Amino acid sequence: EDWSLVRPALAECLRAFQPFGVTLAELGTFAGDPHVLWLKPEDGGCFSRIRDALAERLPDCFPPMLWEYVPHVTIGGFDLQEALSEARRLIESEWRPLRFTVSELVYVVALDDGTYDVADRLALGRAGVLVT
């Protein structure tokens, strides 16, 4: 609801960050309900620096976290530890590192059916703001 109010400050903050490379090579897990299997981005700390800069610029949009911020790409959630372990074994046996460049951040909105919709895109660097 407040996107139009915070978007200009977020866009200006992101202009200070140039596009950067990411490699997804290592799997990780979060224990909980559900157990989560994820990929760790090797990014030289860029995602954390961006998050820190955004939180400093707009602290009301970043409430205190119960756990440490861990940049990750979620693969899936599992009710049982055994299912998580089996998925991890299967993916580790087939996975090859994936490399790409991050040039924008995407604002998504959760839909009632559990999926997400892209609401907006913000470019990194001085190239300006991408318009959807």
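A: One term before we start: two strands pair if DSSP finds at least two bridges between them. Also, this is a predicted model.

Q: Okay. How many bridges join strand E5 to strand E6?
A: 7 bridges join them. E5 covers residues 104–110 and E6 covers residues 116–123. The two strands run antiparallel.

Q: What do E5 and E6 form, and what's in the turn?
A: E5 and E6 form a hairpin, with 5 residues between them. Gly 114 sits in the turn and has a positive phi of about 90°.

Q: Which residue in E6 is the bridge partner of Val 108?
A: That's Val 118.

Q: Is Val 118 buried, partly exposed or exposed?
A: Val 118 counts as partly exposed, because its relative accessibility is 38%. Buried would need under 20%, exposed over 50%.

Q: Which residues make the nonpolar surface patch?
A: Val 106, Val 108, Tyr 116 and Val 118 make a patch of about 360 Å². E5 and E6 are the elements that give two or more residues to the patch.

Q: Switching topic. How many residues are in the largest nonpolar core?
A: It has 24 residues. Leu 10, Phe 20, Ile 50 and Leu 124 have the most contacts inside it.

Q: And which elements give two or more residues to this core?
A: Helices H1 (3–14), H2 (46–57) and H3 (81–94), plus strands E1 (20–30) and E2 (35–42). H1 gives the most, with 7 residues.

Q: What is Ile 50 in contact with, leaving aside its neighbours within four places in sequence?
A: Leu 14, Phe 17, Phe 20, Leu 105 and Leu 124.

Conventions. Residues are numbered from 1 along each chain as its sequence is written. This is a predicted model: local features need pLDDT of at least 70, side-chain atom pairs count only at pLDDT 80 or more; totals for chains, interfaces and linings use all residues. Side-chain values use heavy atoms; hydrogens and water are left out. Helices (H or I, at least four residues) and strands (E, at least two) are DSSP runs, numbered from the N terminus. A nonpolar core is a set of buried Ala, Val, Leu, Ile, Met, Phe, Trp, Tyr and Cys residues joined through side-chain atoms within 4.5 Å. Buried means under 20% relative accessible area, exposed over 50%, partly exposed in between (1.4 Å probe, protein chains only). Contact means heavy atoms within 4.5 Å. Patches are made of residues with over 30% relative accessible area and no salt bridge: like charges are joined within 9 Å, nonpolar side chains (Val, Leu, Ile, Met, Phe, Trp, Tyr) within 5 Å. Accessible areas come from the Shrake-Rupley method with a 1.4 Å probe; for residues, only the protein chains shown count as cover. A salt bridge is a side-chain nitrogen of Lys or Arg within 4 Å of a carboxyl oxygen of Asp or Glu.
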